Amino acid sequence: MSAAFSGLGPLLAGHVLLSAAAVALAILIGLPLALLAARRPVAGRVLLGAAGLIQTIPGLALLALFYPLLLALSALVGGRIPALGFLPALCALTLYALLPILRNGVAALAGIDRAVIQAAVGMGMTAGQRLRLVELPLAAPVLMAGIRTAAVWTIGAATLATTVGQPTLGNPIFAGLQTENWSLVLAGCVAAAGLAIVTDLALGLVESGLALRTRWRALAGGAILLAGIALALAPLAPEAIPASGGPRPIVTVGAKNFSEQYILARAIGARLERAGFTVRYREGLGSAIAWRALAAGDVDVYVDYSGTLWTGVMGRTGKVSRTEMVGQIGLWAARTSGVNVVGRLGFENAYALAMTGEGARKGGIRTLADLTPRSPSLSLGADLEFLNRPEWQAVRDAYSLRFRETAAYNPTFMYRALASGRADVISAFSSDGRIAADRLVVLDDPKGALPAYDALLLVSPAYARDARFIDALRPLIGAIPVDRMRQANYMVDRDAGKVTPDAAAAWLVPLDQ
């Protein structure tokens, strides 16, 4: 548990910076809008309705929607707008924090006794003086209550920013969920909850100070918040200070949201650090986001799979050999994005449908063709992407599969669903160590509906021709057979004696190899 907490410093700093910036921006936007809404009831109804509508959008979806939006805007200005990481997370969280600030602000201003306003007018105050000396002081306690609500919501929702590449306390939560490392999950949850509680208490001190007109309370609350932000940002200082002997280039290693990707990212990062680069990680990315982030330079290197690029990114459906597929992907990536496909790592992680040994034996199922007549009575459990991917459509149509029900799971829980009987068939990964450990039966694909999935090392345009960068990674090419990858995955995924992705990466491809 102590190891889980020990690595939270930079993530806590990123979480605090993101949350504080989002709440501050929401206050800057929300206060003028609340004033306008209080003065203009029709406009107020429109503004509150729009803020309420935004609040109905799930936080994860709001984060995801900002990525393509910023990417499109960036394309219009020559790629100068970062579409991954801090900016999309900031935009989404600011909108998410707007409703409580706006609603409480309108309620506070509208709730002021009109006799007080009339008295201020009678004393000859201007509109600005009334606002500054009468309305805002009287509205402040209710308004602060809205800011407290917004701050707590934002700190909680900021954990989701991990999915768009912003390091936050969501990193250990997502990584722990995938690798079943509950210490990581607990550490991330405790840290996020603790941050929310401390922030709420400090803001509560400010609120009571304003309500009771006791200046020391308000100042003490503000001082606690500022001190907390300063302390949380301290771990970021080393990145801003060049190391002796000159600054080390900072490179970003990307990873998707399953164990194999975490392991490969750490294997890549270890080699780049040894070559003199400072490495940061953006993990838990979806397939489409990972590729776009690489092409846009938000990620410098990551591992993807030939079938994923072929069907999902390139939109190809034709059947070609594995070698030809990799060759065409390399030419297409260089021509359209400047991405360098450095080479194959040596193993394939293909999609496959799998069943328990007992389930397959009872149903007499060995191939996808055998599955067809049985599928209406069976349930399919899939990872979060599979049911929306062209591979599923291809295999479904090729074999006329019609399952009784389908459900999407985090990959870890997908295997749990199969073991518990919640799912009868799952979309397994061929390099997953749990296939052998759980004695699962991978169903043959006699029609070849599923493409090949060679693991490919991809480098962004910025480092595509960087000899030091490429040379550091070249020992990984062809160095990972599928059996070794399965063992490394199982070292992270197994129930007892599991290791961290860093340890599995060190075992998978030792640095001296």
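This is a predicted model: local features need pLDDT of at least 70, side-chain atom pairs count only at pLDDT 80 or more; totals for chains, interfaces and linings use all residues.

User: Okay, where does glutamate 260 lie?

Analyst: Glutamate 260 lies in helix 12.

User: Is glutamate 260 buried or exposed, and what's the nearest side chain of opposite charge?

Analyst: Glutamate 260 is buried, and it has no salt bridge. Arginine 486 has the nearest side chain of opposite charge, but that's 8.3 Å away. A salt bridge needs the charged atoms within 4 Å.

User: Then what is glutamate 260 in contact with?

Analyst: Skipping neighbours within four places in sequence, the contacts of glutamate 260 are Tyr305, Phe347, Asn349, Ser431, Met485 and Asn489.

User: Switching topic: which residues touch the most other members of the largest nonpolar core?

Analyst: Leu272, Leu371 and Phe469 do, in a core of 72 residues. Helix 12, residues 259-274, gives the most to this core, with 6 residues.

User: And what does phenylalanine 469 contact?

Analyst: Beyond neighbours within four places in sequence, phenylalanine 469 is in contact with Val251, Leu272, Phe277, Asp300, Val301, Val459 and Tyr463. There's also a second, separate core of 24 residues, which includes Ala290, Tyr302, Val326 and Leu458.

User: How much of residues 182-206 is helix?

Analyst: That stretch is 100% helix, with its end C-alpha atoms 36 Å apart. Residues 46-69 are 92% helix and 0% strand, and the end C-alpha atoms there are 24 Å apart.

Notes
Residues are numbered from 1 along each chain as its sequence is written. Side-chain values use heavy atoms; hydrogens and water are left out. Helices (H or I, at least four residues) and strands (E, at least two) are DSSP runs, numbered from the N terminus. A nonpolar core is a set of buried Ala, Val, Leu, Ile, Met, Phe, Trp, Tyr and Cys residues joined through side-chain atoms within 4.5 Å. Buried means under 20% relative accessible area, exposed over 50%, partly exposed in between (1.4 Å probe, protein chains only). Contact means heavy atoms within 4.5 Å. Lys and Arg count as positive and Asp and Glu as negative; His and the chain ends are not counted.
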